[in-house]
Amino acid sequence: MKKSNLILSVKNLSYKKILKDVSFDVKEGNFISISGSNICGKTTLIKILSGLIQTENMVYFNGKELESINKTDLFSQIGIVLINDKFNFLFDNIKDEVMFVLNNLNMSDEERKDQYDFIIKLLGLTKYQKFNPNYLNRSEKILVLLALAVVHKPKLLFLDDASNMMSKEERKKFLEILHFFNKEFGTTIIMSTSKLDETLDTDYLYLFDEGTIALSGKPLDILKDDNVINKLGLNMPFMLDLSIKLKDYDLIKETVLDMEGMVDLLWK
């Protein structure tokens, strides 16, 4: 069950020429997706919301102005997965990398071990524990970044196009993990993505165009209009597009978003 308390508020946020008068609220426990073209301001917005880029009196976390919150206190409550080309990790094995975060928390040794084992197993990194994370492939490195972002059980998790270059199967697994944290632990998630199909299972979608919110609402409600989506330089998710066309021909009665489900429905 989703909570109703506001965890994040954005009020008339403008930043340089990248973002223009952006306002929205995020309820605790929600999974929010942000999408748009490559130059719509998604990455800058994520950096501002997570406190990596400073603004004044525009972003509020749990009712407090973001800039007034001590950085140590802030980063103990949030997790961030930002992708760059360098991936500079501190240690030469994953275990030391993740334990470094846990060792800075007020936990017993047993609690640290349990939390470490849980996260590593959940993310499928058990066999890589002694590997140097700098030498893993891109998708594996992103899983390590996710482990570092969630191992302290943050209230709010930010991700910036983290699964963009993953394979279909890797993306599916990655999104399943995110939804697990959202549903099982109530982690509030704000995820930017260039792939609209990733937004379909989220609670709320913001579509950006040239630094402003062009459309917002339940993903299925706002993604059905392919004319609007195309004007933003985006493509409707394939399965949603197929469902709409088949419903128009009266071949199906409901929206189906997975291929196996579609095949089963058509062959009934």
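# Helix ends, salt bridges and cores

Visitor: Which residue caps the N-terminal end of α3?

Guide: N93 caps the N-terminal end of α3, with a side-chain oxygen 3.2 Å from the backbone nitrogen of K95. A polar contact here is a pair of N or O atoms within 3.5 Å; within protein, one must be able to donate a hydrogen and the other to accept it, and residues adjacent in sequence count only if both atoms are side-chain atoms. Helices (H or I, at least four residues) and strands (E, at least two) are DSSP runs, numbered from the N terminus.

Visitor: What kind of model is this?

Guide: This is a predicted model, in which local features need pLDDT of at least 70 and side-chain atom pairs count only at pLDDT 80 or more, while totals for chains, interfaces and linings use all residues. Residues are numbered from 1 along each chain as its sequence is written, and side-chain values use heavy atoms, with hydrogens and water left out.

Visitor: Back to α3, which of its residues are buried?

Guide: The buried residues of α3 are I94, E97, V98, M99 and L102, where buried means under 20% relative accessible area, exposed means over 50%, and partly exposed lies in between (1.4 Å probe, protein chains only). What covers these buried residues includes α4 and α5.

Visitor: And α4, how many residues does that have?

Guide: Helix α4 has 14 residues and reaches 20 Å from its first C-alpha to its last, close to the 20 Å expected at 1.5 Å a residue; the expected span is 1.5 Å times one less than the number of residues. Its buried residues are R112, Q115, Y116, I119 and I120. They cover an arc of only 125 degrees around the axis, which puts them on the same side of α4; the arc is that of the directions from the helix axis to the C-beta atoms. On the other side of α4, E110, K113 and K121 are exposed.

Visitor: What covers the buried side of α4?

Guide: The cover over the buried residues of α4 includes α3, α5 and α6. Just after α4, G124 takes a positive phi of about 70 degrees.

Visitor: Changing topic, how many salt bridges are there?

Guide: The count comes to four salt bridges, taking a salt bridge as a side-chain nitrogen of Lys or Arg within 4 Å of a carboxyl oxygen of Asp or Glu. One of them joins the side chains of R112 and D109 at 3.1 Å, N to O, and both residues lie in helix α4 (residues 109-122), three residues apart, about one turn of the helix. R112 is buried at 12% relative accessible area, whereas D109 is exposed at 64%.

Visitor: What does D117 pair with?

Guide: D117 forms a salt bridge with K113, the closest N and O atoms being 2.8 Å apart. D117 and K113 are four residues apart in helix α4, about one turn of the helix. An α-helix has 3.6 residues a turn, so residues three or four places apart point the same way.

Visitor: And which residue meets R171 in a salt bridge?

Guide: The side chains of R171 and D197 meet in a salt bridge at 3.2 Å, N to O. This pair links distant parts of the chain, with R171 in helix α6 (residues 168-185) and D197 in the loop between β8 (188-192) and β9 (204-209), 26 residues apart. R171 counts as buried at 14% relative accessibility, while D197 is partly exposed at 37%. R171, D197 and E198 are linked in a network of salt bridges.

Visitor: Which residues touch the most other members of the largest nonpolar core?

Guide: Of the 36 residues in the largest nonpolar core, those are L146, L157, L159, F174 and L178. A nonpolar core is a set of buried Ala, Val, Leu, Ile, Met, Phe, Trp, Tyr and Cys residues joined through side-chain atoms within 4.5 Å. The largest share of this core, nine residues, comes from α5.

Visitor: What is L178 in contact with?

Guide: Leaving aside its neighbours within four places in sequence, L178 is in contact (heavy atoms within 4.5 Å) with F31, L146, L157, L159, I189 and M191. A second, separate core of 28 residues includes I46, I53, I190 and F208.

Visitor: Last one: is D161 buried or exposed?

Guide: D161 counts as buried, at 16% relative accessibility. D161 is found in the loop between β7 and α6 and has a positive phi of about 50 degrees although it is not a glycine. K16 also has a positive phi of about 50 degrees without being a glycine, and K16 is exposed at 68% relative accessible area.
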